[in-house]
Amino acid sequence: MADTVAGLPVQHAEKSFYQQSTNKYSGILSWLLTTDHKRIGIMYLAAIGFFFFVGAVIGLLMRLELIAPGRQIMDAQTYNSFFTLHGVIMIFLFIIPGLPAIFGNFFLPIQIGARDVAFPRLNLLSWYIYMIGAALVLVSLFLPGGPIDTGWTFYIPYSVRSTTNVSMAIFAAFVLGFSSILTGINFVTTTHRLRAPGMSFFKMPLFVWATYATAWIQIIATPVIGITILLVIIERLFGVGIFDPALGGDPILFQHMFWIYSHPAVYIMILPAMGVVSEIIPTFARRTIFGYKAIAMSSLAIAFVGYLVWAHHMFTSGMSDTARWIFSLLTFIVALPSGVKIFNWVATMYKGSIDPQPPFLWVMNFIFLFSIGGLTGLVLGSLATNIHLHDTYFVVAHFHYVMFGGTGTIFFAAMHYWFPKMFGKMYNIKLARIAVLLFFVGFNLLYFPKFIMGYMGMPRRYYDYLPQFEALQEISTVGSWIVVGTLFFILGYLIHALLKGKKATSNPWGGVTLEWHIASPPSMENFAEIPTVTREPYDFSQLKEMKNE
Amino acid sequence: MNSYTDAAVHHVHRDDAGAKMGMWLFLFTEVLLFGGMFLVYAVYRYQHPDQFRLAAMELNTGIGTLNTIILLTSSLTMALSIASLQKGNRFLSMTMLSVTLLFALMFMVNKYFEWSAKFSHGIYPGSPELVNKPNGEILFFGLYYVMTGLHALHVLVGMIILTFMFVFIKRNKVTSENYVKLDNSGLYWHLVDLIWIFLFPLFYLIQ
Amino acid sequence: MSGKNKHHIDYGTYILVWLALLAFTTITVTVAGISLGRYTLFTALLIAAVKSALVINIFMHIRFDEPIFKAFLGISGMTLLIIFLLTFLDFIYR
């Protein structure tokens, strides 16, 4: 590979993709009508990042309301809408599209040695569909009827009877699902059709493997939520009875349909994050990944097993006992491939020469928080304890540890790892290290008390609470200030880096996957000449040659 | 669009197998979409087997069979249209495509008469007549309208796509050398047929 | 690019398949009139499965396309099967 990639540094003289256009326009239209996967990735970053901050601020306001019992800053109906919106925005607008649409778009083609995704125009269409879905969510807030108040799970019969703008808000989720499906189709086809010569499936970086597995879930699972949402809308409009218990509809069937998608969706959220971890650990341990095939295969295994466990969200719904114990059993199986990954990551670090740069610190943060999230998942997955903890703060704490502590943390890890490559600028390392620490402290203050409150019986989604929870609720609220403060702190130094940061070299961390062989930021074509791949993906013996290039 | 930078050139690369792969993946999402509906159908039929049978008596097996034959034949003409274009016979291809469109239109007309007959009997979602029936029958007709309606919507979309293909062949944008668009439209059309193959016995042939 | 490794199916095959599909339709309508008890649904679905196999293999020519498409079809089919089986674990044993 060294031979063929050796010609690449010439590209430093070339224009970056920011300075070229894929169409005849310049300025804003060169972005809005672009078909370049990198530009579309950046556009996703802007949109998704914006909604992440909106969601975070809503969360902050909810915590502020809960700082003391009784009414503080909003009434109960507003609170209901807030937790629904927080869920809808964070899940459908941030965490599901987050890693695949931003980093998958930007780096999947580069990492397999391609110039673009298989369907560039479809890729742009996906972005527009995402924006339409997001706009629908926003519009639904201001129409008469008021913002949706069903919780992000849209359970019937309430979602059929609520007088708020349920139809429009869930139609937004339907539209966003479309965007997700098209992205999935694009990534699967890209991975199959556009790999560079020599880039066999088992030479692909693990982020590609993870994104590929994710894309399959996006394709196979999303239609089920699509039809479920359509049925709820049809039920609201025409009253066909399919989801109306008064006419014979079965609410538990709705829950099955909802979770048949929404549980695999959990893996849409976490799998790409695991892929990013598998990229960052070898780079900063200067060691090839331990158990490459095991990690690659465990991604597929997680994607598959993820289909078998959905009803563990429904242990108290009234479904049959047989289904309950079988789903509980299957749930424990998911721990196996996840365990395979954790152990292989740790084994990779063993005897490595670890360089604790910010991306690596974020990954350490991830391993700690995600392990807590994963292990408390086992508590919830066993039938007996689930009965006690169902619909309490324990569940809220669990999925925030998994989603925010897992995927959210890795979103920052990926941001810090690839920022110099995407923007060609380097941020302040010292500030970035402080941010990890602040986040870690704030996060645990925010969510760990919720485990305790849930165990003590505090139900989720409640506007008010008994005085005995006050101390823990206050700690949690203080934690939320630290977390949101840290988010703005990170945003601040990244924007500063963007405007006034030092120029980044093409390989600031010493990575060896293909994106580190090309300029920062890459040229429009990514590669002057498509590379021929001969080495394993994490072969660090080539680092020396790369430095001499 | 490819003359502005060298970089743009690669955006117009052609990969027929890739395009087909994308189409198949899309078809799987359709299969799963209808699969969700079939799951709802299966559960409710399992819960109300007798009422489903009673309700199905109301459907017109004759129209159902006729529509099955129409769709199957339209699938044939679609396949023939592609085959004749592959052999370079543009005229035959366009003729077959028009016949396919005609069959699709016939299907929709039948569907219209079938639905309006039901409506005139007072069987439509939320009608007083239907709401007074047992739950199983309400569910049967609810599913009947939603599933055949969703299917009819796909027929409509298919008609739009096929019309575009007709124009493309006429303007030589789809040729015997570059027919992957027509091929993919054909795949979509056959899928619509495929779904009907399952809808037909599940709604019209319960005795 | 296209047409090189592509297997062209001739008109005759398509017409034969169409005739077979019509025959199966006749059979399924006829059989539906006979009371087979619990096997009614089974026969109807079996015939539908045979018909769809014909459509997928010949009309949609998956037999002659890249083998990976068949694997993809298997994945989505299996997923659907699993979803049905696991959901019915609830409804059968309720």
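Me: How many residues of chain C are in contact with chain B, and how many of chain B with chain C?
Reply: In this predicted model, 34 residues of chain C are in contact with 36 residues of chain B. They are called contacts because their C-beta atoms, placed from the backbone, lie within 7 Å.

Me: Which helices make up the side of chain C that touches chain B?
Reply: Here α1 (11-33), α2 (39-59) and α3 (67-92) of chain C each supply at least two residues. The largest share, 11 residues, comes from α1(C).

Me: How many residues does the contact take from chain A and from chain B?
Reply: That contact takes 39 residues from chain A and 32 residues from chain B. On the chain A side, α7 (166-193), α8 (206-238) and α9 (251-285) each supply at least two residues.

Me: By class, which residues does the side of chain A that touches chain B have?
Reply: You will find 20 nonpolar, 13 polar and 6 charged residues on it.

Me: Why are there domains 1 and 2 in chain C, and where do they lie?
Reply: They are called domains because a domain assignment, automatic or from a database, sets their bounds. For chain C it gives domain 1 (1-60) and domain 2 (66-94). The C-alpha centres of these two domains of chain C lie 21 Å apart.

Terms used: Residues numbered from 1 in each chain as written. Chains lettered and ligands numbered in written order. Predicted model: local features only at pLDDT ≥ 70, side-chain atom pairs only at ≥ 80, totals over all residues. Contact = placed C-beta atoms within 7 Å. Helix = DSSP H or I, 4+ residues; strand = E, 2+ residues; numbered from the N terminus. Nonpolar A, V, L, I, M, F, W, Y, C, P; charged D, E, K, R; others polar.
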